[in-house]
Amino acid sequence: MTQLDFIHEYVPSSSGTDAYTLVLLHGTGGNEQDLIPLGRFLADDAALLGVRGKVLEGGMPRFFRRLAEGVFDQEDLLFRTDELADFLRAASETYGIHPGKRIAVGYSNGANIAASILLRHPDIFAGALLFRPMVPFEPTDATGTQPLRDKPVLLSAGEVDPLIPQAETNRLAELLKVQGAAVELHFNPGGHGLMQPELQVAKAWYEQNFGR
Ligand code: MLT
């Protein structure tokens with residue numbers, strides 16, 4: 001069995017093992033604690049699993065290497081994607097997380113590895129909230145089997161994000177739709193940093209798709 005070899009923080013749900021688990025994936029320089037308050041804001045009864053990326057860039061944790069801003073080391077990305085998917089399967093066994101009830105919540109670099117997992121391991125997440133995501137890689141498989149069929153995915157982007165052009169977000173939305181995902185795209189007037197109004201949008205989206 002795979003070791004639980006990512007630094008992580010697991011917070012069980014107060015409403016038992018039937019609850020959803022939010023898998024919290026930080027941005028560059030963050031850690032497993034960063035998105036715990038956001039997860040709690042989005043879903044007060046969910047279990048939370050914060051994970052710390054293993055790659056260090058000048059001492060800052062990330063989920064995979066990059067060659068330059070927005071230019072990803074594709075070999076490392078695919079290796080790290082598989083490694084994180086294995087960890088999530090193992091952590092689910094250890095903590096009794098329902099494999100059909102894991103939801104990704106990622107910001108920036110964490111949103112990018114979550115998008116990569118969606119495209120490469122479509123069984124891992126039941127849905128995803130991706131804040132400031134990019135296209136992680138261009139999938140070559142166009143079998144038309146739609147492995148993400150009807151899975152809800154929210155992409156939350158900034159209209160004036162200096163790192164991510166709107167076309168990039170639109171392209172990711174298209175790629176996920178080709179795989180069958182039920183994508184909702186939200187552009188807010190901000191840049192790369194998260195803004196309060198979009199968090200309200202994300203909370204309402206979560207309640208609509210996963211609320212009890
Ligand atoms: C970041 O700073 O995290 C980038 O914008 C996204 C990435 O490198 O994955």
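For what follows, Ala, Val, Leu, Ile, Met, Phe, Trp, Tyr, Cys and Pro count as nonpolar, Asp, Glu, Lys and Arg as charged, and the others, Gly among them, as polar. With that, let's start at the ligand. Keep in mind that this is a predicted model.

The shell around the ligand divides into three nonpolar, five polar and three charged residues. Here is the list: T28, R62, F64, R66, E69, F72, S108, N109, N112, L163 and H192.

The side chain of T28 puts an N or O atom 2.7 Å from a ligand oxygen. R62 has a polar side-chain atom 2.8 Å from an oxygen atom of the ligand. For S108, an N or O atom of the side chain is 3.0 Å from a ligand oxygen. And how much of the ligand does the protein cover? On its own the ligand has 270 Å² of accessible area, and the protein covers 94% of that.

Next, strand β10, residues 152-158. Seven of its seven residues are buried, so the strand is largely enclosed by the rest of the structure. In a regular strand, side chains alternate between the two faces of the sheet. Both faces of β10 are covered. On one side, P152, L154, S156 and G158 are buried. On the other, V153, L155 and A157 are buried.

What are its neighbours? Strand β9, residues 127-131, pairs with β10 in the parallel sense, over four bridges. There, L130 has L155 as its bridge partner. Strand β11, residues 182-188, also runs parallel to β10, joined by seven bridges. L154 stands opposite E184 in β11.

β10, helix α4 (residues 166-178) and β11 form a β-α-β unit, and the unit is right-handed.

How values were computed. Residues numbered from 1 in each chain as written. Predicted model: local features only at pLDDT ≥ 70, side-chain atom pairs only at ≥ 80, totals over all residues. Heavy atoms only, no water. Near = heavy atom within 4 Å. Polar contact = N/O pair within 3.5 Å; in protein donor to acceptor, adjacent residues only side chain to side chain. Areas by Shrake-Rupley, 256 points an atom, 1.4 Å probe, with all protein chains shown as cover. Buried < 20%, exposed > 50% of the residue type's maximum accessible area, 1.4 Å probe, protein only. Helix = DSSP H or I, 4+ residues; strand = E, 2+ residues; numbered from the N terminus. Pairing = 2+ DSSP bridges. Right-handed = clockwise from strand over helix to strand, strands pointing away.
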